[in-house]
Amino acid sequence: MSKVLSSGGSEDDELEPSIQLPVGVKNYITPNGYRKLKDELEHLWKVERPALVKTITWAASNGDRSENGDYIYGKKRLREIDRRVRFLRKRIEQAEVVDPAQRGVCEQIFFGATVTVCDSNGCENTYSIVGVDEANVGGGLISWVSPLARALLKLREGDTAILRTPVGVQELEILSVIYCTPD
C-alpha cells in the first residue's frame, strides 16, 4: 500500500488507522511498551540503517543504478526505516508512561489492568489493557482505546461488561482485576 504525504499532512497520515491515536488523547504506554519502542528505535538507527547505508554505497559504486537490485531495494528499505524511525521518535516523545504496578490494590479497571472475563459460553479470557503501540490481541494485550477495553474501563470484579460487536451484543462477566506490569 502506497501513500503520498501531501505538504499539508502530518507523519500520522502515513500510518494505518489502527495505529493512529484518536485526536486529543494522550499516548499512554506501559514501561515495558516504552522500552520496546526505544529498543526498536535504537536497533533501526544504530544497527540496521548503518549496515544498509554501507550496502547502498557499495551498490552505487558498481555503476548503473537503474538495474541494480541492491541499490533499488536498499533505497526502498532505507525509506521504510527512516519512516519508522520518524514514527518511533514521535511516539516516544508523546508517550506518557504509566506503570500498572504502581497502582497497587485497586478493584476498578483502568489503564494497565489485567482482567479475566467470562463470556456467555463459559469461555474465560485474560486481557491486559495497554497502550496503542503495544497492543497484540493474540497475546492478550488490548489497546486502551479498543471497544473491548472501553467496555471494561471503570468496572469492577463481579460486574458485567456489555460489548457491542458487529455480530451482536456480548455480555462479559469480570472475574478478576489485577495490576502488574504486562510482559
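Asn27 is buried, with a relative accessible area of 2%, where buried means under 20% relative accessible area, exposed over 50% and partly exposed in between, for a 1.4 Å probe and protein chains only. The model in which this value was computed is a predicted one, so that local features need pLDDT of at least 70 and side-chain atom pairs count only at pLDDT 80 or more, while totals for chains, interfaces and linings use all residues. Residues are numbered from 1 along each chain as its sequence is written, and side-chain values use heavy atoms, with hydrogens and water left out.

Asn27 lies in strand E1 (residues 27-29); helices (H or I, at least four residues) and strands (E, at least two) are DSSP runs, numbered from the N terminus. Not counting residues up to four places away in sequence, Asn27 touches Leu21, Arg91, Gln94, Ala95, Glu96 and Asp133, a contact being heavy atoms within 4.5 Å.

The chain as a whole has three helices and seven strands, and from the N terminus on its elements run β-α-α-β-β-β-β-α-β-β. Of its 183 residues, 35% are buried, and among the contacts with a separation of 6 or more, 59% are between residues 24 or more positions apart.

Helix H1 (residues 31-60) and H2 pack at an angle of about 155 degrees, with their axes 9 Å apart. Axes are lines fitted to C-alpha atoms, for helices over the stretch in contact, and angles run from 0 to 180 degrees between N-to-C directions. H1 and H2 are therefore roughly antiparallel to each other, because angles over 145 degrees count as roughly antiparallel, under 35 as roughly parallel, 65 to 115 as roughly perpendicular and the rest as oblique.

Leu88 is found in helix H2 (residues 69-94) and is buried, with a relative accessible area of 0%. Leaving aside neighbours within four places in sequence, Leu88 is in contact with Leu37, Glu40, Leu41 and Leu44. Although Leu88 and Leu41 are 47 residues apart in sequence, they are 6.3 Å apart in space, C-alpha to C-alpha.

Five strands form an open sheet with mixed pairing, in the order E5-E4-E3-E7-E6. Strand E5 (141-143) and E6 stand at the edges, each with a single partner strand, so one side of each is left without a neighbour in the sheet. Direction ignored, neighbouring strands of this sheet are turned by 40 degrees against each other on average.

| Strand pair | Bridges | Direction |
|---|---|---|
| E3 (residues 113-119) and E4 (residues 124-130) | Five bridges | Antiparallel |
| E4 and E5 | Three bridges | Parallel |
| E6 (residues 160-165) and E7 (residues 168-179) | Six bridges | Antiparallel |

E3 and E4 form a hairpin with four residues between them, and Gly122 in the turn has a positive phi of about 85 degrees. Cys118 stands opposite Glu124 in E4, while Val130 has Ser143 in E5 as its bridge partner. Another hairpin joins E6 to E7 through two residues; Arg164 stands opposite Val169 in E7, and the bridge partner of Ile162 in E7 is Glu171.

How values were computed
Two strands pair if DSSP finds at least two bridges between them.
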